[in-house]
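Colleague: Could you walk me through this one before I go on?
Modeller: Gladly; have a look, and then ask away.

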Amino acid sequence: MTGLVSCAAEEDPDQGTNGVGKLTAVEIETRARAAADAAKAVRLSGTLVSKGGTYKLNMRLKDGGGSGSVTTDDHAFELLRIGDDLYLKADAAFWSDRGAGGSEPSEADAAAAGKLGGKYVRVPRGDAAYQQFRGFTEKDGMLDGFLGMEGELGKGDRTKIGNVRTVKVTADEGKGGVLDVSLDGQPYPVRFARAGGAGVLTLAEWDVDFPLAPPARAAVVDYGKALRGSSEGKGGSERSGEGSGDGEGGQGGGSG
């Protein structure tokens with residue numbers, strides 16, 4: 001009898017877990033959403049595929065801002081946001097392409113790009129690019145936008161991602177997305193495969209705070225009011241040392 005009880009305990013897949021594996025798929029997804037919303041910070045990494053191309057992300061996000069790197073089909077750049085202040089760091093080729101609008105860069109484009117390359121550029125809030133780039137640093141926006149399930153939910157297999165035990169929640173038998181939810185500790189989302197093969201994201205370091213500090217003033221260039229190669233942008237102010245507030249001696253976010 002003792003042996004039978006011991007064997008039954010060892011075969012219990014929910015032994016030592018947070019218990020969400022016993023719930024329905026809808027309940028598991030709801031618990032995962034609630035845990036993610038309550039967390040103050042997260043590291044989000046992986047690949048997103050959209051009509052605009054493929055993006056590789058490695059971002060640390062929290063309510064007050066975020067930092068990390070984004071790689072597209074053509075370029076890689078770093079983002080740092082502290083409150084409403086958004087900084088972007090990229091090489092000269094990135095800025096040259098933006099200034100030229102996709103055509104062969106002019107001498108003015110090349111000159112401006114050379115001054116911006118390798119510097120933290122404070123993105124003007126009124127520029128159309130501000131919201132585009134800021135979106136990568138928004139915790140709630142990123143989670144809401146990229147963890148959407150499409151279709152009827154079902155509960156899948158239990159598995160492990162790294163050292164974390166998880167249970168799968170599938171939408172439309174996997175065609176509408178597959179969410180792996182932690183069975184250890186809080187039921188955080190651990191990995192999400194987006195519908196239609198639109199990328200796979202890994203979520204880690206939930207509720208682990210991280211510092212955000214402005215770049216050193218000498219590393220910041222104020223590009224002016226435009227980033228898209230307008231005459232105002234090309235001839236605009238490139239004032240090293242301005243736009244970083246009290247950031248002297250601070251450090252940029254880099255890739256977190």
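Colleague: What share of the contacts in the protein chain with a separation of 6 or more comes from residues 24 or more positions apart?
Modeller: Residues 24 or more positions apart make up 57% of those contacts, where contact means heavy atoms within 4.5 Å. This is a predicted model, in which local features need pLDDT of at least 70 and side-chain atom pairs count only at pLDDT 80 or more, while totals for chains, interfaces and linings use all residues. Residues are numbered from 1 along each chain as its sequence is written, and side-chain values use heavy atoms, with hydrogens and water left out.

Colleague: How many helices and strands are there in the chain?
Modeller: The protein chain has 7 helices and 12 strands, taken as DSSP runs numbered from the N terminus (H or I, at least four residues, for helices; E, at least two, for strands). Of its 256 residues, 43% count as buried, with buried meaning under 20% relative accessible area, exposed over 50% and partly exposed in between, for a 1.4 Å probe and protein chains only.

Colleague: At what angle do helix 2 and helix 6 cross?
Modeller: The axes of helix 2 (residues 25-38) and helix 6 (residues 139-146) cross at roughly 165 degrees and come within 10 Å; axes are lines fitted to C-alpha atoms over the stretch in contact, and angles run from 0 to 180 degrees between N-to-C directions. That makes helix 2 roughly antiparallel to helix 6, a label for angles over 145 degrees.

Colleague: And which residues meet there?
Modeller: From helix 2, R33, A36 and D37 meet K139, L143 and D144 of helix 6. By class, this contact has 2 nonpolar, no polar and 4 charged residues, where Ala, Val, Leu, Ile, Met, Phe, Trp, Tyr, Cys and Pro count as nonpolar, Asp, Glu, Lys and Arg as charged, and the others, Gly among them, as polar.

Colleague: Changing topic, is R60 buried or exposed?
Modeller: R60, which lies in strand 2 (residues 53-62), is buried, with a relative accessible area of 11%. Its side chain is joined to that of E205 by a polar contact of 3.2 Å, that is, a pair of N or O atoms within 3.5 Å, one able to donate a hydrogen and the other to accept it, with residues adjacent in sequence counting only if both atoms are side-chain atoms.

Colleague: Where does E173 lie?
Modeller: E173 lies in the loop between strand 8 (164-171) and strand 9 (178-182); its phi is positive, near 60 degrees, in a residue other than glycine, and E173 is exposed at 76% relative accessible area.

How values were computed: Angles under 35 degrees count as roughly parallel, over 145 as roughly antiparallel, 65 to 115 as roughly perpendicular and the rest as oblique.
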